[in-house]
Every structure is written in structure tokens, then in C-alpha cells.
Amino acid sequence: MEIRTLQISDQQPIISVLNEWWGGREMAHMLPALFFHHFNQTSFISEKNGEMVGFLVGFLSQAHPCEAYIHFVGVHPNYRKQKIGQTLYRHFFQKVQKEERNIIRCITSPQNKGSIAYHQKMGFTICSGDELIDGIEVHTNYDGAGSDRVVFEKKL
């Protein structure tokens, strides 16, 4: 498996598989061109035998000089449980540490129990929210009305 920096030309290949990788959910709108143009130095593609098997889109916080943010991570359904996501996360951690960032943040929806468990397994902690849903701290309306999110933090 090889990991390389995201390129502008990767947008269409990622967008073309995104909804399929998410079981038909409409997710392509989550990765507009700006991520490929402006955050490619902290975003990565994982390839196996020339095939894209995963990606991570992240960036350095402009507002918080010690922080970085993981916006979106995807792993091809046929390659899950092969530590591709974990490898991409670790690659991102190494990159942002070189930029003197030691706090990583990310979010997920409270319904995404798999994502919550995965982030906790990766050493992320759930930040205090304003509501408890199914025993999980949630930030209500984080991404707009009705778009509650679980907020994670990891200290490197």
C-alpha cells in the first residue's frame, strides 16, 4: 500500500465512488473542490496496486495554531478492516506534528455508532456537548438545525 498527497485531479475519482462507499447515502456534497485546491498538502490517498482504496481530507486550523482537523475519511468497502483508515490517520498525525500541531479534532453524527467506536479506538475522546443521546455527548444543531454532531479531540 502506498500513501500519497491528495491532488486536484483526485476530486472526480473520489466523488464518483463516494456515495457507493457510503452505501448509497448522498455524501459527494461533503467534498467540494476547495478541499482539493487548498488542503491537499494535509490530505492523502491510499493506493494498492494503483487502485484508490482510501483517502483522508484534513487541514491545519487557521483559528487555532495548535490544532488540525480531519474533515472526511473514506475506505473502499472491499478493503475495510485492513488498517487502511488507521494508516491514513497515523500519516495525518505525523504530518501535522511536523507543523507543530498537537490537537486533532473531527466530528461525526450521533447515529454513526461505527464511527464513534472507531474514533474512540483510535484514541479520540468525545468532547462535552449540550445533550446526551444514547449515552453519548452531542452538540445539538452543530451543523445547522437538526444536524447534531459528536465532537472528538485527540491530543498527540
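Here is a short tour of the structure you have open, one selection at a time.

Before you start, note that this is a predicted model in which local features need pLDDT of at least 70, side-chain atom pairs count only at pLDDT 80 or more, and totals for chains, interfaces and linings use all residues. Residues are numbered from 1 along each chain as its sequence is written, and side-chain values use heavy atoms, with hydrogens and water left out.

Stop 1: Switch to cartoon view and find the open sheet of 7 strands, ordered 1-2-3-4-5-9-6 with mixed pairing. Helices (H or I, at least four residues) and strands (E, at least two) are DSSP runs, numbered from the N terminus; two strands pair if DSSP finds at least two bridges between them. At the edges sit strand 1 (2-5) and strand 6 (125-126), each pairing on one side only.

**Stop 2: strands 2, 3 and 4.** Select 44-48 for strand 2, 51-60 for strand 3 and 67-75 for strand 4. Strands 2 and 3 run antiparallel and are joined by 5 bridges, with Ile45 opposite Phe55 of strand 3. Their hairpin has 2 residues between the strands, and there Asn49 takes a positive phi near 55°. Moving on, strand 3 pairs with strand 4 in the antiparallel sense over 7 bridges, and Phe59 has Tyr69 of strand 4 as its bridge partner. The hairpin that joins strand 3 to strand 4 passes through 6 residues. Now colour by accessibility: 9 of the 10 residues of strand 3 are buried (under 20% relative accessible area; exposed is over 50%, partly exposed in between, with a 1.4 Å probe and protein chains only), so strand 3 is largely enclosed by the rest of the structure.

Stop 3: Thr125 has Glu153 in strand 9 as its bridge partner. Contact means heavy atoms within 4.5 Å, and axes are lines fitted to C-alpha atoms, for helices over the stretch in contact, with angles from 0 to 180 degrees between N-to-C directions.

**Stop 4: helix 3.** Select residues 84-98. Helix 3 lies across strands 1, 2, 3, 4, 5 and 9, running at about 35° to strand 3.

Stop 5: Where is Asn40? Look in the loop between helix 2 (33-38) and strand 2. Asn40 is buried, at 15% relative accessible area, and touches Thr5, Leu6 and Phe35, not counting residues up to four places away in sequence.

Then go to Lys81, in the loop between strand 4 and helix 3. Its phi is near 65°, a positive value in a residue other than glycine. Is Lys81 buried or exposed? Lys81 is exposed, with a relative accessible area of 87%.

Last, pick Asn141, in the loop between strand 8 (136-138) and strand 9. Asn141 also is not a glycine, yet has a positive phi of about 55°; at 42% relative accessibility, Asn141 counts as partly exposed.
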